[in-house]
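Visitor: Please take one annotated part of this protein and look at it closely. After that, carry on to other parts of the fold.

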Amino acid sequence: MNDPDAFWGREGKRLDWVTPYTKVKNTDFTMGKVSIKWFEDGVLNVAVNCIDRHLPSRANQTAIIFEPDDPSAPARHISYGELSESVNRFANVLLSQGVMRGDRVVIYLPMIPEAAYAMLACARIGAVHSVVFAGFSPDALANRINDCGAKVVITCDTAPRGGRRTPLKSNADAALLHCSDRVRCLVVKHTGDQTTWVQGRDVDVLAQMKEVAPDCPPRPMNAEDPLFILYTSGSTGKPKGVVHSSGGYLCYAAMTHQMVFDYKDGDVYWCTADVGWVTGHSYIVYGPLANGGTTLMFEGVPNFPDPGRFWAVCEKHKVNQFYTAPTAIRSLMGQGPEWVDKYDLTSLRVLGTVGEPINPEAWVWYDKHVGKGRCPIVDTFWQTETGGHMITSLPGAIDTKPGSATLPFFGVKPVVLDAATAAVQEGNGVEGVLCFSDSWPGQMRTIWGDHERFMETYFQQYPGTYFTGDGCRRDEDGYYWITGRVDDVINVSGHRMGTAEVESALVAHVKVAEAAVVGYPHSLKGQGIYAYVTLMNGIEPSDDLRKELETWVRTEIGPIAKPDLIQWAPGLPKTRSGKIMRRILRKIAENDFGALGDISTLADPSVVEDLIENRQNHG
Ligand code: WTA
């Protein structure tokens, strides 16, 4: 694109501004002074853009369809008018708890409409939300509350999922033991299950919503004011608080949602992600609502009460666009096409995938059995950091190839660099690491409280560009194929996990001396978590201990971090300077012993033989 100011200057107008911007792009990728600003002198309110401006024409149109976990419970259709009232009241409850512009609010809720109300209520009053996935443990929740200095955490009593109930309020209680006494706990009584109640700290949100005024004036916000923080795993250290802006983010989420899904007025759109991840932010809440769309929120899981649930919901609500993760497709594929064939899927027009590379077999199955060969598939490559789609096809406009995310979205400038030399790989038929050479409005602005780490993580290794952490190939036709992470991040069922996080959870166990975690190919999850564990002197390995460690990691981080395989490792392969050679551990985990490469630099090469022998015993 030759004139990003003109192009994005026009696109910014898809939003309603209190004070229109006069500047469009002001970005600098130079290491040491990285700064990203879009529409920087514009003033707007995100909740107004997602709700108020639609009211004159859409007050009675459904904004959110809520499909509960229990298929026999009624679905709810929440109109824009109803959404408006709930968000205004919710905002007034937040104000009554002393939440002010710029304050942080942690949202620890499952897939219920109140999650969207809470997010939009924050946006209305200029508070910064940070949604923590409801599958995270109390410890993980406490870390996030403390890192962003939240004033309030919003949760619910219990969360039904797949017929079981997660005790979210108890988790929040446990987390709050590690937080400041001043943090208030707002509780949505969703199931009515019994919970403990701390007088003076806990607030019954739904009851309070009835007490407060039905309207709350929106706070005019600067385009660059943070809208939310979302924690995500990196290759080192604790999760990073990715900060997104108000103006640029919303513009990008709205534009990509409309174009990539070919969203048209009146369509029913369903993204199966959880609001705890970025996909839920951009493509369940902000993008669809900014476009005045109808977005479906599903509380349940794909295989409850049976593996036909997704398709039953598509039929029931006449879904037009369906967006899910390859891991879900793979698991449903294993159940056989009869579960799909039972349902009328003629309403479907566009299918999407996100989160990990999709294997061509799953792509072809999705196309044939779900799309019946007539729905274009958009394989959307993007990240928490990018705010919205980066490399993706456009329905009907770009020919697809199973397994390729195809071509960059408008205004996106990918570059493929040699991993070692950073040399730009010109032309087609090349491979390397994927970077972006220029900014786009949805780009993250910083890491909460640590701009230095932001620059080091994304702009240091390949100067002048944003580094995704992914490898990629550009084929002879110029199509992009994402080959997976090149750092120590693994992708388990489309969820990002830092191997360092799992390692530090493992070594926090008294019986563990050392641990190294790598990813390995897993037929359903894409990647599985493979943990090499060295026990303390005198501790004997056993199946019971293996179970104990699995449970330990579940409680330290959450069920998604549970190792799929634990291998007892009497020693780990280290260089003479003590660095663990992960390359070797990855190969052993992959059962690829022929390609171990040079092991002569190891302090003790014999540990490798031990590990291989052990791996083979695992089959
Ligand atoms: C991976 C999810 C291949 C990639 C929106 C990226 C993908 C990480 C795709 C970001 C795709 C996401 N094809 N790989 N279509 N989409 N990824 O932050 O490794 O949870 O870096 O954002 O998922 O994961 P995150």
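Guide: The UniProt annotation "binding site", from an unreviewed entry, covers Val507, His509 and Val512. UniProt positions are given in the numbering used here, feature names are shortened, and annotations may be inferred rather than shown by experiment. The model is predicted: local features need pLDDT of at least 70, side-chain atom pairs count only at pLDDT 80 or more, and totals for chains, interfaces and linings use all residues. Residues are numbered from 1 along each chain as its sequence is written, and side-chain values use heavy atoms, with hydrogens and water left out.

Start with Val507, which lies in helix α16, residues 499-507. Helices (H or I, at least four residues) and strands (E, at least two) are DSSP runs, numbered from the N terminus. Val507 counts as partly exposed because its relative accessibility is 38%; buried means under 20% relative accessible area, exposed over 50%, and partly exposed in between (1.4 Å probe, protein chains only). Apart from neighbours within four places in sequence, Val507 is in contact (heavy atoms within 4.5 Å) with Val512, Ala513, Glu514 and Ala515.

Val512 sits in strand β28, residues 512-522. With a relative accessible area of 1%, Val512 is buried. Not counting residues up to four places away in sequence, Val512 touches Leu506, Val507, Val533, Thr534, Met536 and Leu549.

Now to a sheet. An open sheet is formed by 7 strands in the order β5-β4-β17-β16-β18-β19-β20, with mixed pairing; two strands pair if DSSP finds at least two bridges between them. At the edges stand β5 (76-79) and β20 (377-380), each with a single partner strand, so one side of each has no neighbour in the sheet. On average, neighbouring strands of this sheet are turned by 20° against each other, direction ignored. Axes are lines fitted to C-alpha atoms, for helices over the stretch in contact, and angles run from 0 to 180 degrees between N-to-C directions.

Strand β4 (residues 62-67) is joined to β5 by 4 bridges, and the two run antiparallel. Isoleucine 64 has isoleucine 78 in β5 as its bridge partner. Helix α4 (residues 80-96) packs on the sheet and touches β4 and β5, its direction making about 80° with that of β5.
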